[in-house]
Each structure stands twice: as C-alpha cells, then as structure tokens.
Amino acid sequence: MSGAVEKIVPTRWIRGGRLLRHGQGGWQLEASDVRVDGDRIAAIVARDLAAPRNPVDIDGSGRIIIPGLVNAHLHSNDDFLRGRIDKLPLEVYMLMAVPPTGVFDIKPEDIEIRTLLGAIEGLKTGTTSFLDDCYHIDRLRPESIDAVMRGYERIGARAWVTANLSDRPISDTIPFVNDYLDDSVRQELNSVDRLPAPIALQYCEDAIRRYNSADQPRVRMAMAASGPQRCTDKFLEAIWEVVERHAVPCVSHVLETRIQGITGEVFYGETLIRHMARLGCLTPRTVIAHGIWVTDADIAQIAEAGSSVVHNPTSNLRLGSGVAPVGKMLRAGINVALGSDGMTSNDAQNIFLEMRLAGCIHNIKGQAFDQWVGANEAFTMGTEGGAAALGASQELGQVEVGMLADLCLLNIESAAYVPLNEPVQNIVFSEYGQSVSTVLVGGEIVVDEGRVVTVSESEIYGLAREAASRFFTDNREAFARLREFTPAFERAYARAALVDYPTNRWIPGE
Ligand SMILES: [Zn+2]
C-alpha cells in the first residue's frame, strides 16, 4: 500500500559523464564522476578517481547529467482526455473536463492505469518529481487516492498527490453565470450530491497519515484547494489547517484567467491574493498555479508571503489565458516552478517543452532585453524552482552531495548537442526529451536507453486504450450532457470581458 517500503538500491558510480551544476555564472558543465549510495548522491569527484569498478556502475561517457526535472502542476485525471478539446477558454473548457453535475464512473484499477500512462511520458522526458493535483472525478474516496498512489509507486516516480477540493457549485464560482442559467439547471447544479467537506478533509488527512509517515516516502499526499473562489472561506481555512498541521504543499489555481481577476472584486471586494492572505492561505507552503492576472500589489504580497508560483506556459496559450508576468515575479524574489497542467490543456507532459516556451514567451512584452527570461532562468524553474515549491530544496533540484539521486542523463549523440556550445541553451532550446537515455529516481534506474524499465510500456498502453474506451462508454450520457451548460458560461465570459481590469496579460490583438 505505502511508499514506505523503499527498494534497496546499491552503491554505484556514474563514470565519465559531464555534470550540469548551478554555479555563480549559472548552469555550467564539469567533467565529474558521481557516486550514489542507496538513494542519495554520496560524492562528486574529478574524473578518473581510482574507485573499484562495479557491475551496477553506469557509463556516463557521452552523457550530460542533469537534475531530474520537476513537473509542479498536472492533473492525472485528464490523461484519457488528450486531444479532445480545442479553442475554448478555461471557463467553458472546464465543463468538458470536469462534469459540473456530478461524477464520472471509473474503477480504481483504471485510475491506476491512467496514472501510469501520464507517468510514463513524464519519466521518459526526464521528469522525476510530479505534483499531481488530481481531481477525483469519480467522487473522492480512499480507494481512488490509493489507486493514483499505486500508479506512481509501481513505476518508481517521486510524487506528491492531492485530492483537488472545492465546496461550491461551479455556477457560483464564476461571476454572472447564474444570471444566464435556466432555473432548473441552476437548481440541478446547486443540488449536486457533494461529499461533505469534513469527510473530504478526513480522507485527505488519513491519506497523509498513511503515505507521509515513512522516513523518505517516494509517493506522498499533498493538499489542494481548487481555487479560492471555488471554496467557502471556512473550507479554505480548514484546508490550510491541515496543510500546516502536516507541513505539506497546498496547490491552488489563482488568477489563471481575466475573469478570475474580476472575480476577486465582484465576490470579495479585493483581489483573490489579498483574500487568501487575509484568510491565512498565502504561506510558504502555498503553490499558486498560473498567477497570470496578478497585479503589482499581488506580486509584492506573494513575494512577502514566500509562496511559489507554477508557470504553465503551454496550457496558458492553449486556453488563451494569457502570459504570466514571470520576469517581474523572479525580480520580486518569488520562487517560480514549471508545470504541464492537465492533458486537456497541453496535451503533453513534458517539462523540456515548458522550459523552451518559458525561455521564449516572456521576450515579447517590449521590455528591456536585460529583463527577458532566458535559458538559465527556464532551467532553474524546471529544477530548483519545482523542488522549492515542493518544500524539498535541500533534497531535489540539483546534483549535489547529500541530495536525492534523482537524475536524468542526456545522450549528446543527438542533433540537439552538435555542437555543444552553451549546454543550458542546448538543453532548453533544442531538447524535447529525444536524448533522454537514463533516468534515476532515488538511485534506482527507472528509464534505461530511453525505455521505462519498471513497467512494460506496451502493456500499459494496451490497458490504457481499453480503460479509456470503458471510460467513454460508461460515461456516454454524462459527456453528452456537458454541452447543455455551455451557453450560460459563454455569455458570462463575454460579459466579463466588458468589465475593466487594472492590468492586461494578453498581447495586443489582430
Ligand atoms: Zn491546473
């Protein structure tokens, strides 16, 4: 059941490779051998140290060794929905991914396969740590939490898993929607049989106790409040009590869209960031997903609170959400991580792609070019930034002695590295996972020669096709009904566009 049982891994050397380390001048390569004892990096020494050779050693020649990447925002519940939704903004798109009237049917075995499917793509593209903000669309229950955990455990990934919580009907979370809903539909949405908030919290806290108590759990439970406006104030406060009691990260979608910006003023008479701060929900454990439509005052408040922001550039473009002010956040001292977001809004789980986009998209705002976000910043967000968001800066995000041996080896016999000019730029701008040869999590090899070795990829793909087909068949009626709700959300979206907002995160129009 639990991640408590760590696999025994031997002492091994990675010899002959080149290690990317974060020094004064940014990320730089050095020729070093790395010794891994159990799950940790025990030594980094100049090449050719006369250490005994051992059959479990890894040949690092022709390899760049980088820290395992961190995907700090994803939703594994979306993993059967890849490629289904196009040209919709978040407020309308969400209806297609999360059913507003209740739940989809899915068995725990299929949830496990769904989790494995996404984790295969993540590991093969160098991600070793996942912050999976899971919407339990089957109605939250301990078995569904356990199924997600089992998926990550089986494949050997490091994961923080949440149960995405909210206690308000979706029509009450977006300004103006209720003005356009038929009475019968509004009543239906209001009378959805939700899991009572105390029980949902209890399930989360029980899972924290089950999974997080081991010495060095590889898979553990974190918390998530879907968004501040999606929860009552009382529920938000109760969630952060659990967060503080157990010292776990807490994810929340905040100011992802312009409408969410307006929401703060309409619902609370203050920005959503101020609202969270007032309720005690803006802390160093708070992981803000997106943070696009923040004001300058919000940025200052996030920096002061020490909260992290997860930047999801592909998803933000795909849903037309806007471009987050990442340069400004970094200059304010905010920790910024990277995420793929869900498979419905990306539709890939590949942090190399997010690093590349993060290293490009912030240069088009007409600011001085010394304020652009480049390769070094993007690589830091995908590694150290993610580790800090997880509260794991001492253990993850760099390759240094004493840290966990979560590593990714890139094969330089690849067009991306010929010639190898500025390594961090070669990686951020030319790599998309095609050169990943070996991935280790806690010293254990999980990807070898580009293939996952802990599970059979082809077997999981076969099972995932069957499980996805069952999912669509079993939920045919629920999917057919989703379009009934969209007109009211589309009208609310159009009306909100007419309301003034103090900042703009879209680029000038056609
Ligand atoms: Zn999200």
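Two residues are taken to be in contact if their C-beta atoms, placed from the backbone, lie within 7 Å. The structure is a predicted model, in which local features need pLDDT of at least 70 and side-chain atom pairs count only at pLDDT 80 or more, while totals for chains, interfaces and linings use all residues. Residues are numbered from 1 along each chain as its sequence is written.

On the contact criterion, alanine 305 touches Ala277, Leu282, Thr283 and Thr286, with residues up to four places away in sequence left out of the count. Alanine 305 belongs to helix H10 (residues 296-305); helices (H or I, at least four residues) and strands (E, at least two) are DSSP runs, numbered from the N terminus. A residue is classed as buried if 20 or more other C-beta atoms lie within 10 Å of its own, as exposed if 12 or fewer do, and as partly exposed in between, with C-beta atoms placed from the backbone. Alanine 305 is partly exposed, because 19 other C-beta atoms lie within 10 Å. Between alanine 305 and valine 453, which are 148 residues apart in sequence, the C-alpha to C-alpha distance is 41 Å.

The protein chain contains 18 helices and 19 strands. Its radius of gyration is 22 Å, close to the 24 Å that the globule rule gives for 510 residues, so the chain is as compact as a globular protein of that length. This radius is taken over C-alpha atoms, and the globule rule is 2.2 Å times the number of residues to the power 0.38. Along the principal axes, the C-alpha atoms fill a box of roughly 75 × 50 × 40 Å. Of the 510 residues, 53% are buried. Among contacts between residues at least 6 apart in sequence, 78% join residues at least 24 apart.

The largest nonpolar core comprises 148 residues, of which Ile65, Ala222 and Cys250 touch the most other members. Such a core is a set of buried Ala, Val, Leu, Ile, Met, Phe, Trp, Tyr and Cys residues joined through C-beta atoms within 7 Å. When residues up to four places away in sequence are not counted, alanine 222 touches Leu131, Trp160, Val161, Thr162, Val248, Pro249, Cys250 and Val251. Arginine 18 lies in strand S2 and is buried, because 21 other C-beta atoms lie within 10 Å. The C-alpha atoms of arginine 18 and arginine 495 are separated by 55 Å, the two residues being 477 apart along the chain.

Helix H13 (residues 351-358) and helix H14 (residues 375-389) have axes that come within 8 Å and cross at roughly 145 degrees. Axes are lines fitted to C-alpha atoms, for helices over the stretch in contact, and angles run from 0 to 180 degrees between N-to-C directions. The contact brings Ile351, Glu354, Met355 and Ala358 of H13 against Ala378, Phe379, Met381 and Gly382 of H14. These contact residues divide into 6 nonpolar, 1 polar and 1 charged, where Ala, Val, Leu, Ile, Met, Phe, Trp, Tyr, Cys and Pro count as nonpolar, Asp, Glu, Lys and Arg as charged, and the others, Gly among them, as polar. In H15 (residues 423-430), the buried residues are Pro423, Val424, Asn426, Ile427 and Val428.

Several backbone features were also identified. A cis peptide bond, with omega about 0 degrees, joins asparagine 346 and aspartate 347, and aspartate 347 lies in the loop between strand S15 (335-338) and H13. The peptide bond from valine 418 to proline 419 is likewise cis, with omega near -5 degrees; proline 419 is placed in the loop between strand S16 (407-411) and H15. Leucine 255, a residue other than glycine, has a positive phi near 55 degrees. Leucine 255 is located in the loop between strand S12 (250-254) and helix H8 (258-268) and is buried, with 30 other C-beta atoms within 10 Å. Histidine 290 also has a positive phi, near 85 degrees. Histidine 290 is part of strand S13 (residues 286-290) and is buried, with 28 other C-beta atoms within 10 Å.
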